[in-house]
Amino acid sequence: MRRFLFVFSVLVSTAFHAQAKPDLIPYPQSVTMQEGKFVIPETLILNDQLPKEETEYFKKRIGSQVKFQTSRSTAKVNVMHMLVPSPKMPIHPEEDREKYTLYISPKRIFITSYTKQGYFLALQTLIQLFEEYKESREIPAMEINDQPKFAWRGMHLDVCRHFFNVEEVKQYIDYLAMYKLNTFHWHLTDDQAWRIEIKKYPKLTEIGSKRKESMIGAYVDNTFDGKPYGPYFYTQEQIKEVVNYAQQRHITIVPEIEMPGHALAALSAYPELACTKGPFEAATKWGVFDDVFCPKEETFTFLENVLDEVISLFPSQYIHIGGDECPKTRWKECAYCQELIKKNNLKDEHGLQSYFIQRIEKYINKKGRKIIGWDEILEGGLAPNAAVMSWTGVNGGIEAAKSGHFAVMTPGSYCYFDHYQGDPQSEPNAFGGFTPLDKVYSYNPVPEELNAEQAKYILGVQANLWTEYIPDFKQVQYMIFPRIMALSEVAWGTADSKNYKDFENRIVHQFATLDKMKISYAKSIYNISAKVIPGNNGIAYELSTSQNPAGIKYTVDGTDPTSQSQTYQQPIPVLKSTTIKSAYFENNQLKSAISSQTFTVSKTTGKTITLEQQPSENYSFGGAFTLVDGIVGNSRQLGKTWLGFQGKDVVAVIDLGQKTNFREVYFNTLENKGSWIHMAKSAQVFISDDNKNFTMIKEIGKDEIQNAQGKIRLNVGTQNSKYIKIKIENAGIIPAGNPGADSQAWLFVDEIGAL
């Protein structure tokens, strides 16, 4: 190969000039601009020895720009490829499977790779170059040396909450291929539906692939559409078709069959697999449910038979077995389960979950495959050869890697694409959370806590798309684009937050391709980004845009801005309760959504606040300052304005700066038991002048909080102090009879104010 590179270097000039680098995503590991340009001809002549399937894909993608001919003469062809090493040479290192080099000279395009997979990845780069320079038809000469950092570069799709047909799933796979992702995690079973045909158990799809109705709107509304949904499922022939389609694009499909929890759809078809007699039905609500697979022999026989058929359909090394959010309520009440715990000297129900997972792992290992599961499979001890998908945060991945187990990092705070990506007030209804493009781009999949040897166990990174609030494929597109581009660059290993603005510019240039493909994508990048910052006398509202900042117009009287409204120049002081609206204009035309923010100013607004315990990562936007930023949270949108604490109390100390009079303290909390969110158990208010000695001035209990429906207004009498301390007690362990029983409850809190 080294000799070939020397020969080829004669064909291209190594002289540098100030040619702009291309707008590629993910950006390659190395791009060296050369002198000259490759002029795209009307007819592109391809070497007739190019890998067939990959080349047909290439021709289909750029077929609107050029015609094609093939030739064996190297003197005539425009595109050539060399497979290195040759079939007669020793097998290449595994880490070089996706490595490629792309040379573009004024005369020719030349690709080298170790495999057809590397060739295919080079073609993805070349397709983007053809798209970028299609107007001028002149691609700058360059040399690209490239390979990914991570072996697992994944996207997940939940087809249980809402179903997407075979053609839509194929389109989804195409999106992964466009941005060099190589793993499609297909979530096929859950409480709301069973989506894969299992010939030995036909009732799984006859009964389990439909539900009587679906939840609609915000979860707190608890409303349903009253319309039957399904039956929707994939036949085994359709599964084979999709698997073959993915293989042609060098994408591995990892199927997920949920166990032992998220099993209601299966139990609706085969109730004998539960700990109780039922009857059961596929869930119509979103959330977590107590009825799970019972770990008895007939259940394991059922699951093994199911897995036999799944393994025959999917050639992937890993089979995903779920393992998350499995309430132990039924197991605690089940005589068989309790006897099984004693018989096997298990510590408790968590040990029983580990027993369950390990039995399944042994069976899958016997079939020559491996298991991967959500990080709850760590409960009670990790199965010997299991890999962990770390979603609740990074700790599961850290624990797995430190114990010599492989992990895929997919923490909700960075990698859940069902979260809001822009201002929740101007976005379609979403699950919650706030994961904008820049946050995805900032993620480093290798935790700092790992040393170099442990870091080798981080297989890669994946983003997940749960579809409770995604009813159709246009909304799927909207939620993944453009965040999939940020994920791709993180997974490729070339993301650099210091260069985020450069990445943003490359994103905008990709939009033309998305428009051409009729992809519905989020334009949040054009919208106004806003954050509250401490001001001289309270708070200030800071606005920004990826475009020309002079295009930001705003109002402070609640009216919609126009091109003639005030131009934003510096953070806007917020000295009293008001509503600020802002938008981006270009050539006097509105280009963004109108952003609206109402502020409720109190004596705590903008003051220094400290928390004894930090919020959970998924719901931590803005940190402690979120509780004194003057923004009262919207109970229907758990995005930017709420802090969420799982299993933790909120203990906050607010420094008023000087002794201040006040008579009322207020805050809001939530209840959404289906999502494990419970009202606070109690709340206490304290005052102090030295931040050391506090006196309690008010206390309320659960009943008062419940009666107030979480909107707490506490009359504390006339007070005068420098510090206010408030303790809001978490509900603790979720009691039996509730979704998520025996798990830690979530406590959500927004603005803490004083009047």
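Contact here means heavy atoms within 4.5 Å, and helices (H or I, at least four residues) and strands (E, at least two) are DSSP runs numbered from the N terminus. The model is predicted, with local features needing pLDDT of at least 70 and side-chain atom pairs counting only at pLDDT 80 or more, while totals for chains, interfaces and linings use all residues. Residues are numbered from 1 along each chain as its sequence is written, and side-chain values use heavy atoms, leaving out hydrogens and water.

Helix H16 (residues 473-480) is largely enclosed by the rest of the structure, because 7 of its 8 residues are buried, where buried means under 20% relative accessible area with a 1.4 Å probe and protein chains only. The buried residues of H16 are Phe473, Gln475, Val476, Gln477, Tyr478, Met479 and Ile480, and the elements covering them include strand E8 (152-158), helix H4 (166-178), strand E17 (419-420) and helix H17 (483-492). At the start of H16, the backbone nitrogen of Lys474 has a side-chain oxygen of Asp472 within 3.3 Å.

His678 belongs to the loop between strand E30 (650-668) and strand E31 (682-688), and His678 counts as buried because its relative accessibility is 8%. Leaving aside residues up to four places away in sequence, the residues that His678 touches include Thr669, Leu670, Lys673, Trp746 and Leu747.

Terms used: Buried means under 20% relative accessible area, exposed over 50%, partly exposed in between (1.4 Å probe, protein chains only). A polar contact is a pair of N or O atoms within 3.5 Å; within protein, one must be able to donate a hydrogen and the other to accept it, and residues adjacent in sequence count only if both atoms are side-chain atoms.
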